[in-house]
Amino acid sequence: MNKFMIKSLALCTFSCCVAAQTQTTSEDPAFTILRDNPQPVSTHFYGQGYWSWVDQWGGHIYNTEPIVAELNLDTLRMGGINNDNSEPEPFTKTKIDESIAYADAIGAEPLFQLPTLKDWNGNEASVKSAMEIVKYMNGEKNFHVKYFSIGNEPDYYVAGGYKDSSYTPEDTCNLFAKISDAVKAYDPDTVILGPDFAYNNTVNPWLKPFVENCKGKFDVFTMHRYPFHPLLTTKFNVLNDEDAYRYTLRKMRDYLDEHGLQDIPLAITETNVTWDGDPDNVHLAGSPGTFLAALWAADILGVSLEEKLWNLSFWSLSEEWDISFLNVDDLSPKPVYYVLQLFSQHFGDQVLQVENNVDAQGISVYAGEDSASKNVTLAVINKSDEAKTYRWAIKDSNYYTRVFERTFPALSLTFLIQTPTFDKPQAWQYTQAMADKALPPQPLQ
């Protein structure tokens, strides 16, 4: 197993990094990190899906706690269609106990989905069956679960064959609102998430009825995003998705604001480069499990942080399909695992604004700061086939600016961490060549 322990890597002193990064007095850096007005990273931001727990499909989530704990996840979502329709197995009390123990083991807050299709007995889901789960978890077992979502992709129930054509958005909101009211009556401090729409655009015909009729019944608005059909996971597509993603988030944010929901956070509770990770699919350059799909995830993380998402949860941790973050044979990490780990361990708890001064084609830059140490992190994704050399600067309100220059390899993710005194930079780099050898990101010497 390639076990990547970023925290244990030796720090790179400034003297050993001079060859890779030099300080300059240039006044024209390609991009500038502005330390004024940092924005907090949500304490629920880094998330994953608790999958696969189905025994007859191998139960691949089990025994992954040690390596998943190294991802420093904030949130673990127990959800998805299998939890919603109790097929091929119900999410029983035993499964609930196992999932809560797993969340405790990896240090993540559980986000538990209450079903709206079938209960754990295979009967039609209801307010009563939802409350049986809540009372079991927070009454009988005293798990103190605070975060509950209701249903999974109800806007896909008809198309997916889970409901007949008579099922409407009003039906979704009716049951959602009743469950929400019952859960809040049981514990007013509970946080309700939903509706976990499959379609994440503002022209979704289910959006308006839900927002208008269920306003006040949810505390966080949630949706899913799988941008590409598996046959469209080309190199060009996966390396140029960040603008479309940012547009999607801003359109939804504007829509919620226009409907009086300015205080309702936005979350993506399921995402991957594609929804279909069948290993028998044609494999393209950006298919799930590839290094380019990992660079896609780096952009998605960066944009989500800048757009102030409450949560970004990928799908999934360990399963036989290629969208898994771990290889099920030996639990070794796939490239996307290492990308998520770099962000969760080193980006910091604040987001800084990046000011681009040039038209830098094929490169994405995101910046964070640790509020305690004041270390500044720069995440640079070079998505071009050529190495790129750029000057970059860190600037604060006192107009103190320090300019650096560094070369970023072709198709790479580089993490640079500067201390307030600029004397002990840390740096990690992840490239296609490293991924091809199943190596983790490497510290720069």
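This is a predicted model: local features need pLDDT of at least 70, side-chain atom pairs count only at pLDDT 80 or more; totals for chains, interfaces and linings use all residues.
Residues are numbered from 1 along each chain as its sequence is written, and side-chain values use heavy atoms, with hydrogens and water left out.

Over residues 126-226 I found the chain to be 40% helix and 17% strand, with the end C-alpha atoms 29 Å apart; helices (H or I, at least four residues) and strands (E, at least two) are DSSP runs, numbered from the N terminus.

Next I looked up disulfides, meaning pairs of cysteine sulfur atoms within 2.5 Å, and the search of the whole structure gave one. This disulfide joins Cys173 to Cys214, with an S to S distance of 2.1 Å. Cys173 lies in helix α6 and Cys214 in helix α7 (residues 207-214), so the pair ties together parts that are 41 residues apart in sequence. I found both Cys173 and Cys214 buried, where buried means under 20% relative accessible area, exposed over 50%, and partly exposed in between (1.4 Å probe, protein chains only).

I then turned to salt bridges (a side-chain nitrogen of Lys or Arg within 4 Å of a carboxyl oxygen of Asp or Glu), of which the whole structure holds 18.

In one of them Asp181 pairs with Lys217, the closest N and O atoms being 2.9 Å apart. Because Asp181 lies in helix α6 and Lys217 in the loop between α7 and β8 (220-225), the pair ties together parts that are 36 residues apart in sequence. Asp181 is partly exposed at 39% relative accessibility, and Lys217 is partly exposed at 23%.

I also followed the salt bridge of Lys235 with Asp385, whose closest N and O atoms are 2.5 Å apart. Lys235 sits in helix α8 (residues 235-238) and Asp385 in the loop between β13 (376-382) and β14 (388-395), so that distant parts of the chain, 150 residues apart, are linked. Lys235 is partly exposed, with a relative accessible area of 30%, whereas Asp385 is exposed at 56%.
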